[in-house]
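User: Can you walk me through this model? I'll ask as I go.

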Protein chains: 4
Amino acid sequence: MIRINESSPIPIYQQIIEGMQREILSGVFGADDRLPSIRELAIELKVNPNTISRAYQELSTAGTIYFKRGQGAYVAPKSADDLLEQAKSEMAKHILEIIAIARSMNLDRMQVRKIFDAVLEQQEVK
Amino acid sequence: MIRINESSPIPIYQQIIEGMQREILSGVFGADDRLPSIRELAIELKVNPNTISRAYQELSTAGTIYFKRGQGAYVAPKSADDLLEQAKSEMAKHILEIIAIARSMNLDRMQVRKIFDAVLEQQEVK
Amino acid sequence: MIRINESSPIPIYQQIIEGMQREILSGVFGADDRLPSIRELAIELKVNPNTISRAYQELSTAGTIYFKRGQGAYVAPKSADDLLEQAKSEMAKHILEIIAIARSMNLDRMQVRKIFDAVLEQQEVK
Amino acid sequence: MIRINESSPIPIYQQIIEGMQREILSGVFGADDRLPSIRELAIELKVNPNTISRAYQELSTAGTIYFKRGQGAYVAPKSADDLLEQAKSEMAKHILEIIAIARSMNLDRMQVRKIFDAVLEQQEVK
DNA sequence: GTGGTCTAGACCACG
DNA sequence: GTGGTCTAGACCACT
């Protein structure tokens with residue numbers, strides 16, 4: 001299930017892209033599975049079909065999904081692996097952001113690690 | 001020193017806000033210190049004064065700085081503390097993002113912590 | 001209908017903010033109603049779109065309205081209640097001003113009340 | 001004693017004018033009393049002498065005070081009476097503002113009067 | 001169509 | 001010198 005925030009600064013098509021990536025990554029959609037059609041998804045998310053179309057288009061350009069003429073969109077075979085790489089680099093970005101903030105707060109490694117662990121625990125990451 | 005990245009998708013006025021917050025947080029500007037005037041900063045950053053004005057305006061609305069009529073902008077006394085809180089919640093957001101990604105990758109706590117530490121080391125956080 | 005007084009010392013964007021607040025408070029625009037678009041209102045009030053934008057922006061920051069991407073501005077659900085509170089404190093400010101003046105005139109409570117009532121009557125408040 | 005708020009939207013010279021009017025109205029300075037010199041007041045209020053000068057100038061133009069060459073500023077004889085009139089009309093303005101707010105809140109006369117009385121009581125107007 | 005950002009330049013009030 | 005307001009107009013991303 002993808003959730004759209006209409007007031008977020010993140011473009012809706014981008015939110016859809018990220019949602020789809022997450023679902024593919026976590027196995028909701030496997031290799032060569034058929035994705036919901038543009039119209040279906042548009043109705044489900046209460047969004048303009050153009051917006052879904054753009055999201056699918058970009059996913060296709062990135063090689064994450066592919067289209068079969070007249071049949072819809074499918075998950076590209078290697079995409080789970082690619083997305084794994086992508087997710088890692090995404091995580092790295094966030095970590096770098098955290099480090100930048102930590103630096104302006106003059107925190108050392110121990111302190112940052114401590115804060116990080118606290119949130120991990122609180123969020124009950126297994 | 002604030003650096004503007006003209007090709008970043010982050011608006012210039014936002015970059016200035018963040019830059020100023022960082023300088024106040026790290027003590028470059030202390031409580032009740034005078035900030036550079038709008039025109040000065042505009043020239044220094046090679047940006048339109050309106051853009052600086054907007055940044056200062058938002059910082060003022062947020063209570064981070066205040067204006068004295070005809071004299072310029074000054075750092076609000078409590079703002080360093082407030083910014084510390086703000087920075088923490090900013091860090092928390094990024095950590096939550098990391099957790100969300102980790103979950104879709106089916107990572108457990110140990111693995112996340114390991115990745116995090118690796119980046120900390122690599123970035124030479126003291 | 002909002003009326004702009006071009007010769008007033010009160011900035012136009014401020015007049016628009018107050019006008020909108022009044023219309024929301026008095027129910028012309030209800031919760032989640034769509035406001036006129038920036039361009040529409042700009043034409044109607046014969047004002048630069050930037051000026052409307054600034055007014056909407058501040059209303060949004062204050063939580064009175066919110067934006068849906070590509071669709072326009074909408075009245076925030078709780079804003080009528082919030083505005084009620086705000087209006088009350090606004091009234092209190094004016095009353096305090098009256099009291100300050102009364103004190104420097106050495107008036108007692110009875111006299112102030114009498115003046116107040118006289119104006120109420122004259123203005124035909126029902 | 002006049003208090004200056006450097007961050008207020010009300011110009012400093014205006015704050016001084018109002019402070020002076022209040023002091024004359026309440027009898028701190030009587031007819032033909034000498035006011036503090038521009039320099040004295042500037043030092044006391046920690047304000048630029050130009051600013052005091054402008055305040056005195058406007059008070060003089062309004063006939064509230066008069067200058068004796070080389071001797072300073074004095075309270076004009078009739079000014080207490082004039083200021084009384086002025087204070088009344090000032091009060092009327094505030095009352096009109098209150099009524100405007102009350103109208104947008106759809107309050108009737110009784111309700112407005114009640115709020116007004118409550119604040120009077122709370123402020124311990126004798 | 002919607003809002004968002006930015007520039008250039010003008011004019012103003014204030015200190 | 002300071003900030004504040006406003007206009008005109010351009011360009012952009014999003015729906």
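Analyst: Happy to take the DNA contacts, the chain pairs, and then some helices and residues.

User: Is this a predicted model or something else, and what should I know about that?

Analyst: It is a predicted model. Local features are reported only at pLDDT of at least 70.

User: Which elements give two or more residues to the surface near strand F?

Analyst: Chain A gives α1 (12–25) and α3 (49–61). Chain B gives α2 (38–45), α3 (49–61) and β2 (72–75). Chain C gives α1 (12–25) and α3 (49–61).

User: What's the makeup by class there?

Analyst: Near DNA strand F there are 10 nonpolar, 13 polar and three charged residues.

User: And strand E? Which residues come nearest?

Analyst: Out of 26 residues around DNA strand E, the nearest are B:Ile12, B:Asn48, B:Gly70, C:Ser37 and D:Ile12. The elements with two or more residues at that surface are α1 (12–25) and α3 of chain B, then α2 (38–45), α3 and β2 (72–75) of chain C, and α1 (12–25) and α3 (49–61) of chain D.

User: Switching to the protein pairs. How many residues of chain B are in contact with chain A?

Analyst: 28 residues of chain B contact 28 residues of chain A. On the chain B side, the elements that give two or more residues are α1, α4 (79–104) and α5 (109–122). The largest share is from α4(B), with 13 residues.

User: What kinds of residues are on that side?

Analyst: The side of chain B that touches chain A has 17 nonpolar, five polar and six charged residues.

User: Why say the two copies meet through the same surface?

Analyst: Because 100% of the interface residues of chain B are also interface residues in chain A.

User: What about C and D?

Analyst: Chain C can be laid on chain D by a turn of 177° and a shift of 0.2 Å along the axis, at an RMSD of 0.5 Å. C:His94 is the residue of chain C that comes closest to the rotation axis, at 2.9 Å (C-alpha). These copies meet through the same surface too, since 100% of the interface residues of chain C are also interface residues in chain D.

User: Where are the domains in chain A?

Analyst: Domain 1 covers 12–77 and domain 2 covers 80–122. Their C-alpha centres lie 29 Å apart. Their contact takes six residues from domain 1 and five residues from domain 2. The domain 1 side has three nonpolar, three polar and no charged residues.

User: Now α4 in chain D. How many residues, and how far does it reach?

Analyst: Helix α4 (79–104) of chain D has 26 residues. From first C-alpha to last, α4(D) reaches 38 Å, close to the 38 Å expected.

User: Which of its residues are buried?

Analyst: In α4(D), the buried ones are D:Ser79, D:Leu83, D:Met91, D:His94, D:Ile95, D:Ile98, D:Ile99 and D:Ala102. Their cover includes α4 (79–104) and α5 of chain C. From chain D itself, the cover includes α1, β1 (65–68), β2 (72–75) and α5 (109–122).

User: What comes just after that helix?

Analyst: D:Asn106, with a positive phi of about 60°.

User: And α5 of chain C?

Analyst: Helix α5 (109–122) of chain C has 14 residues and reaches 20 Å, close to the 20 Å expected. C:Glu124 follows α5(C) and has a positive phi near 55°.

User: Last one. Is C:Leu45 buried or exposed?

Analyst: C:Leu45 counts as buried, because it has 20 C-beta neighbours inside 10 Å. C:Leu45 sits in helix α2 of chain C. Neighbours within four places in sequence aside, C:Leu45 is in contact with C:Ile2 and C:Ile4. C:Met20 is 25 residues from C:Leu45 in sequence and 13 Å away, C-alpha to C-alpha.

How values were computed
Residues are numbered from 1 along each chain as its sequence is written. Chains are lettered from A and ligands numbered from 1 in the order in which they are written. This is a predicted model: local features need pLDDT of at least 70, side-chain atom pairs count only at pLDDT 80 or more; totals for chains, interfaces and linings use all residues. Helices (H or I, at least four residues) and strands (E, at least two) are DSSP runs, numbered from the N terminus. Ala, Val, Leu, Ile, Met, Phe, Trp, Tyr, Cys and Pro count as nonpolar, Asp, Glu, Lys and Arg as charged, and the others, Gly among them, as polar. A residue is near a molecule or strand if its C-beta atom, placed from the backbone, lies within 6 Å of it. Two residues are in contact if their C-beta atoms, placed from the backbone, lie within 7 Å. The expected span of a helix is 1.5 Å times one less than its number of residues. Domain bounds come from an automatic or database domain assignment. A residue is buried if 20 or more other C-beta atoms lie within 10 Å of its own, exposed if 12 or fewer, and partly exposed in between; C-beta atoms are placed from the backbone. Copies are superposed by least squares on the C-alpha atoms of residues with pLDDT of at least 70 in both.
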